[in-house]
Amino acid sequence: DSVIFIAVVEPTKSIRMRDYYWELDSTRMGSEFSFKTAIKEPGHHIIQFVLLDRFGDTLSDTLHLWISSPPILDNVHFIPINKAQGVDPGCRRTIKRNAIDSDPNSQISYHFSIYDNESLYVDTILHQPYFEYFKTLPLSRKIYWDVKAYDEFSMVAKNAIHSTFYTQGIQ
């Protein structure tokens with residue numbers, strides 16, 4: 001996402017400007033009254049508009065900005081384990097995973113899908129770290145499932161879960 005910074009200096013006629021610029025975390029970013037930038041690093045950032053008048057006096061205004069960190073999806077501990085075999089295709093299955101976010105007030109959502117080489121069975125957005133599937137799956141089939149986590153600011157977890165399980169054969 002982009003952020004647009006706009007500075008308004010009043011009264012403009014009484015202040016004779018020699019220089020003006022924007023700083024982001026003490027690094028000069030722009031030399032206009034307005035500029036657009038993207039802040040990709042999560043954490044605390046300090047944005048400052050600096051104006052030097054003809055007498056060498058410095059006028060400045062500071063803004064503190066906090067950028068959310070993406071959620072962290074646990075791609076090691078999940079159920080069913082990768083390549084699980086003998087999963088009953090006719091009973092209820094619960095698929096569990098977990099993600100954490102450094103912002104405790106941020107809601108995590110999960111893009112979740114179940115599919116095989118022939119069909120897409122589930123493609124949905126969830127707000128809880130599990131999914132219960134009640135429908136029957138095909139016999140003797142390799143089933144794929146994927147999960148991607150993101151927060152309410154559309155920050156996507158760097159890792160995703162790409163896993164499989166195998167349904168039982170003859171019932």
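**Entry 1: Asp 146**

I began with a side-chain pair: Asp 146 makes a polar contact with the side chain of Tyr 115 at 2.8 Å. By polar contact I mean a pair of N or O atoms within 3.5 Å; within protein, one must be able to donate a hydrogen and the other to accept it, and residues adjacent in sequence count only if both atoms are side-chain atoms. A note on provenance: this is a predicted model, where local features need pLDDT of at least 70, side-chain atom pairs count only at pLDDT 80 or more, and totals for chains, interfaces and linings use all residues. Residues are numbered from 1 along each chain as its sequence is written, and side-chain values use heavy atoms, with hydrogens and water left out.

I then placed Asp 146 in strand 14, residues 142-151. Strands here are DSSP runs of E with at least two residues, numbered from the N terminus.

Buried means under 20% relative accessible area, exposed over 50%, and partly exposed in between, with a 1.4 Å probe and protein chains only.

I also listed the contacts of Asp 146, leaving aside neighbours within four places in sequence: His 111, Phe 112, Ser 113, Tyr 115, Ile 161, His 162 and Ser 163. Contact means heavy atoms within 4.5 Å.

Next I traced an open sheet of 4 strands in the order 3-2-5-6, with antiparallel pairing. Its edge strands are strand 3 and strand 6, each of which pairs on one side only. Neighbouring strands of this sheet are turned by 30 degrees against each other on average, direction ignored. Two strands pair if DSSP finds at least two bridges between them; the axes behind the angle are lines fitted to C-alpha atoms, for helices over the stretch in contact, and angles run from 0 to 180 degrees between N-to-C directions.

How many bridges join strand 5 to strand 6? I get 10, with strand 6 spanning residues 58-67. Strand 2 (residues 17-24) and strand 5 (residues 43-53) run antiparallel too, joined by 7 bridges.

Ile 46 has His 64 as its bridge partner in strand 6. I also checked the hairpin of strands 5 and 6, which has 4 residues between them; Gly 56 in the turn has a positive phi of about 90 degrees.

**Entry 2: into strand 3**

Ser 26 sits in the loop between strand 2 and strand 3. I noted its positive phi of about 70 degrees, although Ser 26 is not a glycine. Is Ser 26 buried or exposed? Ser 26 counts as exposed because its relative accessibility is 69%.

Thr 27 lies in strand 3, residues 27-30. At a relative accessible area of 45%, Thr 27 is partly exposed. I get 24 Å between the C-alpha atoms of Thr 27 and Arg 16, 11 residues apart along the chain.

**Entry 3: the loop between strands 7 and 8**

Pro 80 is in the loop between strand 7 (72-73) and strand 8 (84-87). The peptide bond from Ile 79 to Pro 80 is cis, with omega near 0 degrees. Lys 83 lies in the loop between strand 7 and strand 8 as well, with a positive phi of about 65 degrees although it is not a glycine. I logged Lys 83 as exposed because its relative accessible area is 54%.
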